[in-house]
Amino acid sequence: MNRRIRVPQVRVIGADGGQLGVLDTSEALRIAEEGGLDLVEVSPKAMPPVCKIMDYGKFKYEDSKKRKDAKKHQSTVTYKEIKFRPKTDAHDLDFKVKHIRRFLSEGNKARLVVIFRGREIVHPETGQAMLKKVVELTQDIAMVEQPPMMEGRRMLMIISPRGGVINRPGSPASTSAPQPSATPSPAPRPATSATPAPQAAPAASKPATAPSKPATAPSKPAAKPQPTVSLKPPAK
């Protein structure tokens, strides 16, 4: 750059991108200094070397900014190792499969390891069956990248996420609204009016028990005896 360029002649590119042709290095430096810019060698192996007139400080700033942006959006793939046994029970298997699905959804790869102990090594088919079961449980989001292979007493297999299932934190898919659950929500209750409804007038209280009628009606008074009249004539 500038006075560090030792060759006598250079091919010069102007600040606007136009070709200025082959000039003496001193002449190219004069043109750059008159514009308050720098003469930067961009292709030293060419004959003659190619130099460009530019603002070198601004160029370095923009270049570092581009590098930071590229690094920010760069995705790093890591391997998450999950260990199994040839006789891992169903509960532990479900628990480990949940972790595998989460790793794959984050864009990572999963290394599945089956560890054999003692005489279990003479039955490698049990480990293959275990790995096959894991692949079946994750086949909707995973694909086999490396088939099972033995490394001493360990059987290894690598699975990677399928396209379209990666859901990194901060991505639009991860910040979207949650999906409604399959269970239907209870129907909303009807709104109640602020004015209380008039209540019905309390019914007249009835006597607990009706008055009992007398068991027997009062007896009528007995008829008085009527005097008897004799129709016979009086005796003489």
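Helix H1 (residues 25-34) lies across S1, S2, S3 and S4, and runs at about 125 degrees to S2. Contact here means heavy atoms within 4.5 Å, and angles run from 0 to 180 degrees between N-to-C directions, with axes fitted to C-alpha atoms (for helices, over the stretch in contact). Helices (H or I, at least four residues) and strands (E, at least two) are DSSP runs, numbered from the N terminus.

Keep in mind that this is a predicted model: local features need pLDDT of at least 70, side-chain atom pairs count only at pLDDT 80 or more, and totals for chains, interfaces and linings use all residues. Residues are numbered from 1 along each chain as its sequence is written, and side-chain values use heavy atoms, leaving out hydrogens and water.

Now for the sheet under discussion. It is open, has 4 strands in the order S2-S1-S4-S3, and its pairing is mixed. Strand S2 (19-24) and strand S3 (38-43) are the edge strands with a single partner each, so one side of each has no neighbour in the sheet. From one strand to the next, the twist averages 35 degrees. Two strands pair if DSSP finds at least two bridges between them, and two of the pairings look like this:

| Pair | Sense | Bridges |
|---|---|---|
| S1 and S4 | parallel | 3 bridges |
| S1 and S2 | antiparallel | 5 bridges |

Next, a pair of helices. How do H3 and H4 cross? The axes of H3 (residues 90-105) and H4 (residues 124-137) come within 10 Å and cross at roughly 55 degrees. That makes H3 oblique to H4 (under 35 degrees is roughly parallel, over 145 roughly antiparallel, 65 to 115 roughly perpendicular, and the rest oblique). Leu93, Val97, Ile100 and Arg101 in H3 meet Met130, Lys133, Val134 and Leu137 in H4. The residues of this contact divide into 6 nonpolar, no polar and 2 charged.

Last stop: serine 160, which sits in strand S8 (residues 154-161). Is serine 160 buried or exposed? Serine 160 counts as buried because its relative accessibility is 6% (buried means under 20%, exposed over 50%, partly exposed in between, with a 1.4 Å probe and protein chains only). Leaving aside neighbours within four places in sequence, its contacts include Leu104, Ile141 and Glu145.

Definitions and conventions: Ala, Val, Leu, Ile, Met, Phe, Trp, Tyr, Cys and Pro count as nonpolar, Asp, Glu, Lys and Arg as charged, and the others, Gly among them, as polar.
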